[in-house]
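My plan is to start with the whole chain and then look up a handful of residues.

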Amino acid sequence: HGVTGILAVQGAFAEHAAVLDKLGAPWKLLRAAEDFDESIDRVILPGGESTTQGKLLHSTGLFEPIAAHIKAGKPVFGTCAGMILLAKKLDNDDNVYFGALDAVVRRNAYGRQLGSFQATADFGAADDPQRITDFPLVFIRGPYVVSVGPEATVETEVDGHVVGLRQGNILATAFHPELTDDTRIHELFLSL
Ligand code: GLN
């Protein structure tokens, strides 16, 4: 298939590019509106600082083409801040960005003490043929999902909190698969 556009205005975009290199999948950094060309058939929204990313999305003109891509039902993968950008609503912030993911997401949900930690869990429900078992989860001042609407399905839960969602061609994780050696969630994304 085509090229993965990686939003590269701020945050951990290089780490996603490194995973795609490992998988032999072409990618292109999205820094300006003109970077979003016809070759782009899927988009990664990386971790970072969502408020900053949101401002830069608008000032670069990248917001509109990415919003149209998501609205058309094409694949998008948001990690951490990327999950925040995708959510329909945030419960501790008035901003809404793409508003596509049927969930309420809480920023910096683990607080300062437990801001960064690791865990292991599955991605995908028990009856999902694409289920990924024992995935290493890396959290860095991440969000979690406080409520899930009917359009989204829960893929990953840790300690009673939802941290992975899927909604059609939208994947969203509160954790950072790009900071591990495990490429399975990126492979799932590339299969969409
Ligand atoms: N704390 C960041 C935010 O709220 C997200 C952290 C991350 O992407 N690692 O935007």
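**Ground rules**

I note that this is a predicted model, where local features need pLDDT of at least 70 and side-chain atom pairs count only at pLDDT 80 or more, while totals for chains, interfaces and linings use all residues. Residues are numbered from 1 along each chain as its sequence is written, and side-chain values use heavy atoms, with hydrogens and water left out.

**Whole chain**

I found 5 helices and 12 strands; these are DSSP runs numbered from the N terminus, with helices being H or I of at least four residues and strands E of at least two.

I checked the radius of gyration, taken over C-alpha atoms, against the globule rule of 2.2 Å times the number of residues to the power 0.38. The chain has 15 Å, which agrees with a compact globule, because 192 residues would give a value near 16 Å. The C-alpha atoms fill a box of roughly 40 × 35 × 30 Å along the principal axes.

Buried residues come to 54% of the 192. Buried means under 20% relative accessible area, exposed means over 50%, and partly exposed is in between (1.4 Å probe, protein chains only).

Next came contacts, meaning heavy atoms within 4.5 Å. Of those between residues at least 6 apart in sequence, 65% join residues at least 24 apart.

**Core**

Which residues have the most contacts inside the largest nonpolar core? They are L45, I66 and L101, in a core of 59 residues. A nonpolar core is a set of buried Ala, Val, Leu, Ile, Met, Phe, Trp, Tyr and Cys residues joined through side-chain atoms within 4.5 Å. I jotted down the background too: in soluble globular proteins, nonpolar side chains tend to be buried together.

**Strand 4**

Strand 4 covers residues 76-79 and holds F77. T79 is in strand 4 as well. F77 counts as buried because its relative accessibility is 0%, and T79 is buried at 0% too.

I listed their contacts beyond four places in sequence. For F77 they include H16, L45, T173 and P177. T79 also touches H16, L45, T173 and P177, among others. One more look at F77: its C-alpha atom is 9.7 Å from that of L190, 113 residues apart along the chain.

**Positive phi**

Most residues other than glycine have a negative phi. So which way does the phi of D134 go, positive or negative? For D134 it is positive, about 50°, although D134 is not a glycine. D134 belongs to strand 8 (residues 132-140) and is exposed, at 55% relative accessible area.

R141, also not a glycine, has a positive phi of about 45°. I placed R141 in the loop between strand 8 and strand 9 (144-148), where its 43% relative accessibility makes it partly exposed.

**Helix 3**

Last stop was A68, in helix 3 (residues 63-71). A68 is partly exposed at 46%, and its C-alpha atom is 9.5 Å from that of F98, 30 residues apart along the chain.
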